[in-house]
Amino acid sequence: MDRFSWCDGSLFPDEHLVEQQGGVAVYDGHDKTPFISGFLMLTTHRLLWRDQKNRNCVISLPLSVICGLDEQPSGFTKSAKIVVHLQPPTPGQPPGPVTHSAHNFIRLSFRELGQQEFYRSLKEEVKKKRWESQTHQSGSSSASGSSSSNSQGLLPRQRPGIVGIERSIQAKNKETNKNISQAFQDLKNLMEKAKDMVNLSKTIATKIKEKQGDITEDETVKFKSYLLSMGISNPVTRETHGEGDKYYSELARQLANLLTKPIEESGGMMTLTDVYCRVNRARGMELLSPEDLLHACELMEFLGLPVRLRIFDSGVAVLQAQSQNEEEVVSKTSAVVEKQGNLTSEQLAQLLGLSVVLAKERLLMTEKMGGVCRDETVEGLNFFPNRFLTET
Amino acid sequence: MADFDWPWQYKFPPFFTIQPNIETRKKQLEAWCSLVLEYQRHSKQYGLDVTEAQSSELFYNKQLNRKLSLDAIYTVLEELRKRGNLTWKDKTRKSCTLIWRTYAEWGKMIYNWVVAKSMMNTVCTLYELTSGEDSEGQEFHGLDKDVLIQALRTLEAERKAELMEFDGSEGVKFF
């Protein structure tokens, strides 16, 4: 009994639970002990006994001190028992419930059956000596020989449990990282080529300028506009303009430069999705992430640029030209509605050549200012002049 | 109800959608409240059943194919309640009493009529008052019984009348 030591019931990293059984009492030799009713757990390393009432009371016995096992079948008033013969105590072991015992064996009494299964498993574990193979795997290489003769030593090492899973995930991550960096290696080459492409398009543009006579005016204009909306020759990137605020403010400036004209042409507003597509088309290979774009746009107002970010109540984000006046939009929109009698956002979009989302935002804004009122039916949302406020 | 003079809002489709804009909604609800009260006064109705009202012409303009949703009807009725023109009959809010004239006003009107008819110090039944031949042509002819009792209670408080009960029917004595 003096080979037992106190423990907290947690398992070692490479220790696994093999078998457990409730209602087990521990005898010190032939004597009773206070450990009457508890859970007996067999792990690859130890025998653990946990009190059924006081779950903090756990004692453990390393399997390495077991030198023999016997069975005692159940009698008329006696439950089945396993006799565990122990090696003599070694000095310097952790504190346990008993400091000295006269017996060199303990008995495990199975009051709720399960003795046969437990005995079989215990015998097997003691024979396998898994605690040995694992300590020398993780620790010194000096332990040798005997354990490699079993099947474990020959097969590629299988690591069971959480550690094994973690390791395999790590390996997988490493592999994907490698693959990704390889893939981007290829992209880099492509990007270098893209620079040439932009240059080429520029030279074509100048050539067209020189030979304007040969092609019709219309075609030139069209072609030129394609080219112009295509290339930013020196896109702001993290590599060229550093990290953080500086990168975003430079990016915001470049975006404002690029977009001021198209935004004004499209009626003073452009949804952020459109902006995103347009900008990334122009940047070619140095693509912007939506997040970076949003951060840059958020800075625009602060930097005093001619365009700024505006987020409508509905959550639609747009870039708006500074020149666009809200009141003007409201009065214009209500005038259009007044003239048409009633309008849906689709109709307004058609009339003004806007996107439907923006037309709807305009109507909602006008409604907020009291310029129009809504008529909601199964057919959709229709807007009327606000006669509630204008008439009495 | 062909002779009912519908307000212009009744022919205006947005009238049937509760407006999100606060200013606009205020005007809209005002219009609804006065429409409901006018309509009730015109048709001499004192109560309103919400389920029935849903399909009544008051909340359903068939020509326009617009109807006030149930939620919106409740919004309008609650607004009326806030103004003191409506009381719910019970907590389920299935039906309500609409008060387009206060009880005191009713009481006064009845009392004036009684004085004019010199029926002072006589006892008359409630049935006589609202459904009798004498009161025909009077505005309170056909008045809802609950409303009538409330109106007479106000007179009672002024000691101008006394409600009494005999042989299972109710009567009132004016002083």
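**Sheet in chain B**

I began at a residue pair: Gly47(B) has Thr97(B), in strand 5 of chain B, opposite it. I kept in mind that the model is predicted. Strand 1 of chain B and strand 5 (residues 95–98) of chain B run antiparallel and are joined by three bridges.

Next I traced the whole sheet. It is open and has three strands, ordered 1-5-4 in chain B, with antiparallel pairing. Which strands are at the edges? I found strand 1 (47–49) and strand 4 (86–88) of chain B there, each pairing on one side only. On average, neighbouring strands of this sheet are turned by 25° against each other, direction ignored.

Then I looked for a helix. Helix 3 (residues 70–82) of chain B lies across strand 1, strand 4 and strand 5 of chain B. Helix 3 of chain B runs at about 110° to strand 4 of chain B.

**Sheet in chain A**

I moved to chain A and found an open sheet of three strands in the order 10-12-11, paired antiparallel. Its edge strands are strand 10 (269–271) and strand 11 (307–311) of chain A, and each pairs on one side only.

I checked one pairing. Strand 10 of chain A meets strand 12 (residues 317–321) of chain A over three bridges, in the antiparallel sense. Thr271(A) stands opposite Val318(A) of strand 12.

What packs on this sheet, touching strand 11 and strand 12 of chain A? I noted helix 9 (residues 290–303) of chain A, whose direction makes about 110° with that of strand 11 of chain A. Helix 8 (residues 272–283) of chain A lies across strand 10, strand 11 and strand 12 of chain A, at about 80° to strand 10 of chain A.

Conventions: Residues are numbered from 1 along each chain as its sequence is written. Chains are lettered from A and ligands numbered from 1 in the order in which they are written. This is a predicted model: local features need pLDDT of at least 70, side-chain atom pairs count only at pLDDT 80 or more; totals for chains, interfaces and linings use all residues. Side-chain values use heavy atoms; hydrogens and water are left out. Two strands pair if DSSP finds at least two bridges between them. Helices (H or I, at least four residues) and strands (E, at least two) are DSSP runs, numbered from the N terminus. Contact means heavy atoms within 4.5 Å. Axes are lines fitted to C-alpha atoms, for helices over the stretch in contact, and angles run from 0 to 180 degrees between N-to-C directions.
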